[in-house]
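Hello,

Here is the structure I promised to pass on.

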There are 2 protein chains.
Amino acid sequence: MRAHPDGNTAPELLALDWGTSSLRAFLMREGKVIETRHSAHGIQHLPEPGKSGFEQAFAQIAKDWLQQWPQLPVVASGMVGSAQGWREAPYVRCPADAQKLASHSVAVPSGLGPEILIAPGVLFDEMNQLPDVMRGEEIQIAGALRQNPQWAAQCSIVLPGTHSKWARIENGQIVDFATYMTGELFAMLKKHSILSRLMPEQAERKSEWDTAAFELGLATARNSGPGDFTHQIFATRTLGLTDRLSRSALADYLSGLLIGHELVSGLAQTAEISNVPLILIGDTALCQRYALSLNFLGKPDCTLLDNTAPAGLWDLAHAAGLLDTSDSPKNSRKQ
Amino acid sequence: MRAHPDGNTAPELLALDWGTSSLRAFLMREGKVIETRHSAHGIQHLPEPGKSGFEQAFAQIAKDWLQQWPQLPVVASGMVGSAQGWREAPYVRCPADAQKLASHSVAVPSGLGPEILIAPGVLFDEMNQLPDVMRGEEIQIAGALRQNPQWAAQCSIVLPGTHSKWARIENGQIVDFATYMTGELFAMLKKHSILSRLMPEQAERKSEWDTAAFELGLATARNSGPGDFTHQIFATRTLGLTDRLSRSALADYLSGLLIGHELVSGLAQTAEISNVPLILIGDTALCQRYALSLNFLGKPDCTLLDNTAPAGLWDLAHAAGLLDTSDSPKNSRKQ
């Protein structure tokens with residue numbers, strides 16, 4: 001790490017990844033994370049309701065840092081900028097990049113000195129197509145492109161999760177994207193539907209992943225026609241009733257089916273650019289499951305990235321002019 | 001109604017349609033319902049748990065009838081024959097007709113004198129295809145074919161609902177079928193998912209059906225490719241966020257999307273027999289919505305039938321030899 005002239009390694013940015021269920025704070029310097037903190041105070045789990053809940057959550061995670069470095073710029077992304085957030089940062093339209101996100105960010109007083117600059121989400125809203133929204137993922141995408149500028153010309157970025165996102169990138173911009181409710185549907189079907197009936201309780205489940213059941217789900221998705229989804233999920237029950245799958249494997253069939261459907265649709269949407277890089281961002285285990293599934297479906301070459309939100313928030317701060325220009329991405333990549 | 005020689009019009013059958021959430025009892029004569037009773041004692045809502053709960057529910061709905069006509073044969077269909085029912089009547093395999101159902105029915109003492117003959121469900125279980133099950137619908141199908149023997153040679157029968165069934169009929173037999181979780185998914189998504197957030201509370205909803213929103217759902221389904229479902233449902237949220245649909249219309253978009261997906265898939269499965277009759281059985285309002293949707297998707301010619309379970313139970317009783325043969329379907333249709 002490059003030392004400051006005074007020999008200090010003071011941070012240059014406090015970056016917040018503030019979602020529905022958690023808050024992550026990154027102390028950053030020269031584009032790199034030097035310290036990370038985590039709190040359960042997602043915007044739906046604040047110490048108290050309302051704006052003061054945000055102030056308290058922020059103070060709990062960052063007060064001592066800001067006492068030590070009162071001039072530290074602070075940026076944030078995620079649901080903290082939603083209509084239910086600390087201050088709403090309205091969606092910007094595609095095409096969008098870090099510069100556009102920065103110019104449409106909104107500032108909110110933090111209660112601890114510095115303002116917090118909150119990034120907007122991104123809206124895709126074209127005639128004759130279904131609209132779509134993201135909030136938080138656009139910063140992860142910016143981070144991926146900052147760390148890998150060779151992809152900026154053209155790539156597909158997939159962020160698996162509760163609401164998976166498939167984004168198409170051209171010239172460093174998000175040009176369009178689609179959300180798949182894969183994770184939420186999986187959790188909901190396992191918890192609230194008839195499909196849960198034959199599944200063992202969590203405590204009784206074997207811990208291993210049943211690859212054959214998962215791949216049956218993938219293969220079923222691969223062979224599906226339009227509209228088949230609501231039929232194929234019912235097989236989670238009938239494969240158990242007929243003892244074709246063990247009950248402990250039923251959730252893996254459902255997981256394979258849901259991920260398979262997302263991939264079949266996502267790959268079809270990006271078929272005309274199937275030779276461009278495909279990047280997976282997010283939880284490592286989940287991204288590995290997606291990579292295995294992509295391989296099963298005939299798409300073996302993809303790249304996995306861990307959390308790129310800090311890099312994206314650094315890029316946002318840079319685009320917003322909050323950083324010393326000597327710490328531009330180009331310089332910091334030399335470190 | 002034909003009088004008995006003694007001038008009486010005594011019933012010839014007590015038929016029970018006994019599902020998860022309700023119990024319907026039909027007093028029948030010459031293939032026709034002469035009295036109907038309804039109780040909320042579905043198999044998941046019995047007066048008390050266990051077998052005595054079934055006896056009590058049956059006594060409450062039928063005791064006076066059986067006191068008056070102690071020799072009345074009793075037949076039943078639906079979840080009462082499931083593993084969680086009064087007595088399990090294991091599934092029979094496709095192809096299946098009333099004769100096969102009758103020969104695999106199981107008898108249980110009623111506690112009131114006569115035994116109750118419980119119909120089995122039907123299993124579709126072929127190599128390299130997803131298995132499927134029905135329980136209760138096979139009796140409705142038998143009833144439809146009894147009332148309309150001209151369809152028995154070949155037709156498609158659709159039973160919309162929580163778990164919609166699409167059955168292919170040949171030579172009076174159910175040769176294969178598929179379940180679609182349309183109704184359950186709709187209810188679950190409206191209640192438990194993020195899609196419910198923008199929907200008004202039930203009490204605040206306008207009562208009219210938003211045809212344009214429903215047809216947008218149908219058109220979206222019609223234009224879908226494999227795997228698109230979990231993306232397209234997310235638009236229930238984004239169409240509201242972008243004010244393309246009013247919030248009170250969002251549930252109608254979701255309904256159209258779900259029904260549309262079922263129809264697109266079901267019609268594709270029956271495409272090679274698209275010239276055979278298509279019959280809808282069930283709740284009139286729901287069947288009308290399906291008929292409108294089929295018309296929207298280019299399939300204008302279908303027939304709607306109301307509850308055909310009594311006719312199917314009559315057919316079951318006849319096939320089981322419980323009825324005076326002079327009341328055969330052929331004779332009773334002359335009435």
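A few terms before I go on. Helices (H or I, at least four residues) and strands (E, at least two) are DSSP runs, numbered from the N terminus. Two residues are in contact if their C-beta atoms, placed from the backbone, lie within 7 Å. Axes are lines fitted to C-alpha atoms, for helices over the stretch in contact, and angles run from 0 to 180 degrees between N-to-C directions.

Please keep in mind that this is a predicted model: local features need pLDDT of at least 70, side-chain atom pairs count only at pLDDT 80 or more, and totals for chains, interfaces and linings use all residues. Residues are numbered from 1 along each chain as its sequence is written, while chains are lettered from A and ligands numbered from 1 in the order in which they are written.

The sheets of chain B

Two strands pair if DSSP finds at least two bridges between them. β14(B) pairs with strand β13 (residues 278–281) of chain B in the parallel sense, over three bridges, and Leu280(B) stands opposite Leu304(B) in β14(B).

Another open sheet in chain B has six strands in the order β3-β2-β1-β4-β7-β6, again with mixed pairing. Its edge strands are β3 (32–39) and β6 of chain B, each pairing on one side only. Neighbouring strands of this sheet are turned by 25° against each other on average, direction ignored.

- β1 (residues 13–18) and β2 (residues 23–29) of chain B are antiparallel over six bridges, with Trp18(B) opposite Leu23(B) in β2(B).
- β6 (residues 106–109) and β7 (residues 115–118) of chain B are antiparallel over four bridges, and Val106(B) has Ile118(B) as its bridge partner in β7(B). The hairpin of β6(B) and β7(B) has five residues between the strands, and Gly111(B) in this hairpin takes a positive phi near 85°.

Helix α1 (residues 51–68) of chain B lies across β1, β2 and β3 of chain B, at about 20° to β2(B).

How the two chains meet

A rotation of 180° with 0.0 Å of shift along its axis superposes chain B on chain A, with an RMSD of 0.0 Å (by least squares on the C-alpha atoms of residues with pLDDT of at least 70 in both copies). The two copies are therefore related as by a two-fold rotation axis. The same surface serves both copies, as 100% of the contact residues of chain B recur in chain A. Of the residues of chain B, Pro226(B) comes closest to the axis, at 2.2 Å (C-alpha).

In the interface, 42 residues of chain B are in contact with 42 residues of chain A. On the side of chain B that touches chain A, α8(B) gives the most, with six residues. That side divides into 20 nonpolar, 16 polar and six charged residues. For these classes, Ala, Val, Leu, Ile, Met, Phe, Trp, Tyr, Cys and Pro count as nonpolar, Asp, Glu, Lys and Arg as charged, and the others, Gly among them, as polar.

A few places in chain A

Helices α3 (residues 137–147) and α10 (residues 309–319) of chain A have axes that come within 6 Å and cross at roughly 85°. α3(A) and α10(A) are therefore roughly perpendicular to each other (the term covers 65 to 115 degrees). Their contact has eight nonpolar, four polar and two charged residues.

Which peptide bond is cis? In chain A, the one that joins Cys94(A) and Pro95(A), with omega about -5°. Pro95(A) sits in the loop between β5 (92–93) and α2 (98–103) of chain A.

Asp243(A) has a positive phi of about 60° although it is not a glycine. Asp243(A) is found in the loop between α7 (235–241) and α8 (250–269) of chain A.

Best wishes

Methods. Parallel < 35°, antiparallel > 145°, perpendicular 65-115°, else oblique.
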